[in-house]
Amino acid sequence: MKKIVILGSGAGGTMAAAHLRKQLSVTEWSITIVDNDEEHHYQPGWLFIPFGIYTREDCVKPKRDFIPKGVEFLLDEVVGINPDQNYAETKANGKLAYDILIVATGCDIAPDEVEGLEEWNADPEGNEHTIFSLSGALALAKRLKRFEKGKLVFNIAEMPHKCPVVPMEFVFLADWYFRVNGVRDDVEIELVTPNTGIFTKPIATKVLSKTAEEKNILVKPNFDLAEVDTSGKRLISPSGETADYDLMVSTMPNLGADFIDESGLGDGMGYLMTDHHTLKSVKYDNIYAVGDVSNVPTSKAGSVAHYQAELVTENILREIDGLEPKASFDGHSTCFIVSGYDKAFLFDFNYKTEPLPGKYPFPALGPFDLVGESHMNYWGKMMFKWVYWNLLLTGKELPLEPQMSMAGKFWPAFAK
């Protein structure tokens, strides 16, 4: 019997397992998922916890509930990969031989990478926080309840980080949160970013910058973070530029797993060096990457993991049938951006094409508006939690293509 081993049972690994198990004979192919955590986190939900919209229970379920029948789940820690001898090394189970390896170990926050951030400890009494962990989101929820005056700074510590639209969503929701609580006039909100603007795509930047201005949210671009002075409550750049805060929320630096670099597969940051279009390792033909662990130049977001899982499944099936893998992944990402007051934007883009106006997912019909802000987009975002738990993780078919479609999209007049 031939063996597929999947490292990581987050969104990408779980979806890949679901798709592959449906397609491959259980008598010919075994599928094993390895992960050191029993809990599956709906990571997009962490954003909503500080504002009282979601709770812990909305965002956490047992991983075993989503492991497909016929797939073995090993609760174990991966400590290495030997790509020359085709096995992964784990703490408890030792060597796991594979014919095909899917690496889906994601990335995690690495506060120790920046002086001062290592003092962050999910303390609800502290002034330095993150929403890129469950404990951080829960602590920030307690802190925001007592924050009624001062300067709130959301800092993008480093690129890349998970879900690049989250910083904008957070400051927009913070504006809404403080207004409904009657203290917005006493709270200053600023986004401090190393990027040249509020976002990395020109059309999206123009739209979101206007929204930030209307909400009286400041944007401080081109700010590279070198240090956090927690006693003085200020961010410091390499050139000595500073940004003061009373309460700071950080993306934190994000890194992949050490064993990926140690195996010779990584880029020095724990991300697997991945062909941008086939999603195969650039060094080994029988290793694929799914989700945040890859170093492809697109968003580290759930929609990307979904699209990648579908393509990786297709390519593995093609190779089993003796065909060449398709070089068809185009960096497709689809992101709702909550803007407060039950409204949201929706961006759909890829490596080469930035977000454009139009309708999604059905051209001319929608029901969602691309680039534009609408109530329907917001309810699409809120509905996604149910879709995630009940459809995506179980490998159900959805009307969402892995490749970005230009149908129904148009270039806005200001971008021509």
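Reply: A residue is called buried under 20% relative accessible area, exposed over 50%, and partly exposed in between, using a 1.4 Å probe and the protein chains only. The model is predicted: local features need pLDDT of at least 70, side-chain atom pairs count only at pLDDT 80 or more, and totals for chains, interfaces and linings use all residues. Residues are numbered from 1 along each chain as its sequence is written, and side-chain values use heavy atoms, with hydrogens and water left out.

Threonine 205 counts as buried because its relative accessibility is 17%. Threonine 205 sits in helix H5, residues 202–214 (helices are DSSP runs of H or I with at least four residues, strands are runs of E with at least two, and both are numbered from the N terminus). Setting aside residues up to four places away in sequence, threonine 205 touches Gly197, Ile198, Phe199 and Thr200 (contact means heavy atoms within 4.5 Å).

Now the charge pairs. The count of salt bridges comes to 18, each being a side-chain nitrogen of Lys or Arg within 4 Å of a carboxyl oxygen of Asp or Glu. In one of them, lysine 151 meets glutamate 190, at 2.8 Å from N to O. That pair links distant parts of the chain, with lysine 151 in strand S12 (residues 150–155) and glutamate 190 in strand S13 (residues 187–192), 39 residues apart. Lysine 151 and glutamate 190 are both buried.

Aspartate 175 and lysine 215 also form a salt bridge, at 4.0 Å from N to O. Aspartate 175 lies in helix H4 (residues 166–180) and lysine 215 in the loop between H5 and strand S14 (218–220), so this pair ties together parts 40 residues apart in sequence. Aspartate 175 and lysine 215 are both buried.

A further salt bridge joins the side chains of aspartate 229 and arginine 234, at 3.1 Å from N to O. Aspartate 229 is buried, at 17% relative accessible area, whereas arginine 234 is partly exposed, at 32%. Salt bridges with shared partners also join Asp175, Arg179, Arg184 and Lys215 into one network.

Lysine 61 belongs to strand S4, residues 60–62, and is partly exposed, with a relative accessible area of 30%. Between lysine 61 and histidine 41 there are 6.8 Å in space, C-alpha to C-alpha, and the two are 20 residues apart in sequence. Neighbours within four places in sequence aside, lysine 61 contacts Glu38, Glu39, His40, Phe66 and Trp389.

Aspartate 330 is in the loop between helix H7 (302–320) and strand S21 (333–340). Aspartate 330 is buried, with a relative accessible area of 14%. Asparagine 350 is 20 residues from aspartate 330 in sequence and 5.8 Å from it in space, C-alpha to C-alpha. Beyond residues up to four places away in sequence, aspartate 330 touches Asn350, Tyr351, Pro402, Gln403 and Met404.

Finally, glutamate 118 is in the loop between strand S10 (108–109) and strand S11 (128–129), and its relative accessible area of 39% makes glutamate 118 partly exposed.
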